[in-house]
Amino acid sequence: LQIGIDVPSKEQVIELQKRVAAGASASLPEAWGKYQQEKSNTAAGAAGKDPEAAAGEVQNKAAKRLLEMLTRKAPARVQGCHDFKWSRSLWREAALGNAVVSAVLLTLYIVLGLLFQTSYEHLDAVDTAYFFAATISTVGYGDIAPTEQKPRAASIILIPFGLIFIGSFLTLSDAYTLSRPYIPKVKYVHPMVARLFDKIDLNGDGELDEEEVVAGAPLLGLEPEDARKVFKRLDADGSGTLEMPQKAGLQGSWLFGTLAGRCVLIALKLYAICLIGALFMKLYAPEVEAQDLTWIDALYFSVVTSTSIGYGDITAQTKGAKVFMTVFMLISTVVVAGGLKDFVSLYVEDLVGEEIIQKIINSTTWVHTVDINKTGRITEADYVLFKLQQMLKVDTEMLDRLIDRYHELDVGNDGYLDIGEDIPSAEQVEVMQDLIKGTRTSIVQAWKDCQPEIGRAIPSPVQIEEIQEMAQNSDITFVDAWKQFKAQAAAESPTKIRDRARFESTDTVVVEPSLSPELGKGHKAALLPPMDA
């Protein structure tokens, strides 16, 4: 991106701010758009062109450039290249570990509860469980409460302990959520691509298959083969169709995929759990406070309980009702808390958040600040990282840690990570997975152990080419071919090192230590003089 042309420079931003202050534009992005339009009109006037025609020509050129990019350049994103099962498994393991912690906390809570019961002798097992459920769920009806010094002293410890238990359980839920694959609410399509493809969506159903795109290729100024490339690039999910957004906002099923539908779904979840409590209290435990409960009373009692308000004006009196409410308090308060969290998330992320993010995406006002070296240009990576920070999706400290780690891995300091040397290749990962099979060693630790032994413990990049050929010729797996390769190398004479070369440059060869044991474990690589073909 050229500063001053594609994005505003610092001086241009000052000028734009003056325009906004004077009321000529409502916002900086709008002022920048008008500024670019003025420049375009001035250039068109100087060339003797109609401004509207010139604007249309600019838009068509931009659209054609975007489509050309889609035919030749791989997108700068990792979605689709990796399933991220490993990183999700880390959260899943954390969730399981948290489940163990929660179970231990619950056990300790029960033990402490029994000790409390011995101090508070007039409570039986049901009343004790009922009291602790009301405490740990923060409902606190007040129908059972400690009145003596000893029980109150115990409550000082037990009440915070119960809240810790609930917090641990909710953390378990969040960790498990992170372990599941991310499914975007809306399938994103570049707006310009959407406008262009609308030209060939003749039936207006918002869906295009590959043949429709190819048939409409002339309208897009593309050759049929290039149109197929564009289709395959945009069809990231492999569904065989392109779903074009017909309107702004959330899209999905006819009901629960819409914003209003999702609100209805969350409300149904909240009131479903409340209805269960109301049904029980109305049908099974009618005698409460010496009078029958109406349906309004039963639902009121259930809502007051599940929201952890617990007025105490209506409470469970029978043993059966107390047993049910012991379980219901613990479950309903967690479910309702999760539902309220979903409501907040819906408002913050999908209503307010989406509007803010769209403004940040459209704005180019402060992008020039990324140009620290004053080159007048901004790379794609710098632009993306800057926008992520603007959206508060990543923090600067995390980026610093990642950048520092990148430079640690870049041993050659050439600005790139060499696959097979600085980071493991797919074949090396396959071999390491076989090495650690049946052990508790992680793949990260395996790479730390094997990296100094590349060429012996795991194959080097040059060896990989030969092993792949062996695997293909023998119709065996890469791991089995690597084992055969090691066995053959071990049987060779120590002087035969022709297959151990790793080319570092066009005129230098570094010979790796042979796999033969005769050379010794500490044998160093020999640097050979330049050699011709």
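This report describes the fold, the nonpolar cores, the salt bridges and a surface patch of the structure above.

The model is predicted, so local features are given at pLDDT of at least 70 and side-chain atom pairs at pLDDT 80 or more, whereas totals for chains, interfaces and linings use all residues. Residues are numbered from 1 along each chain as its sequence is written, and side-chain values rest on heavy atoms, with hydrogens and water left out.

**Fold and cores**

The chain has 19 helices and seven strands, taken as DSSP runs (H or I of at least four residues for helices, E of at least two for strands) and numbered from the N terminus. Of its 533 residues, 32% count as buried, where buried means under 20% relative accessible area, exposed over 50% and partly exposed in between, with a 1.4 Å probe and protein chains only.

A nonpolar core is a set of buried Ala, Val, Leu, Ile, Met, Phe, Trp, Tyr and Cys residues joined through side-chain atoms within 4.5 Å. The largest such core has 33 residues, and Tyr109, Tyr130, Tyr141, Met281, Phe301, Met325 and Met329 have the most contacts inside it. Helices H4 (85–119), H5 (125–136), H6 (149–178), H11 (259–283) and H13 each supply at least two of its residues, with the largest share, seven residues, coming from H13. A second, separate core of 16 residues includes Met432, Ile458, Ile464 and Ala471.

**Salt bridges**

The whole structure holds 12 salt bridges, each defined by a side-chain nitrogen of Lys or Arg within 4 Å of a carboxyl oxygen of Asp or Glu. Three of these pairs are listed here.

| Lysine 34 | Glutamate 30 | 3.3 Å |

Because aspartate 127 lies in helix H5 and lysine 322 in helix H13, their pair ties together parts that are 195 residues apart in sequence, and both residues are buried. Lysine 34 and glutamate 30, in contrast, are four residues apart in helix H2 (residues 28–46), about one helical turn. Lysine 437 is exposed, at 62% relative accessible area, while aspartate 434 is partly exposed at 24%.

**Surface patch**

Val344, Tyr347, Val348, Leu351, Val352 and Ile356 make a nonpolar surface patch of about 520 Å². Patch residues have over 30% relative accessible area and no salt bridge, like charges being joined within 9 Å and nonpolar side chains (Val, Leu, Ile, Met, Phe, Trp, Tyr) within 5 Å. Valine 344 is placed in helix H13 (residues 319–362) and counts as exposed at 52% relative accessibility.

Methods
Accessible areas come from the Shrake-Rupley method with a 1.4 Å probe; for residues, only the protein chains shown count as cover.
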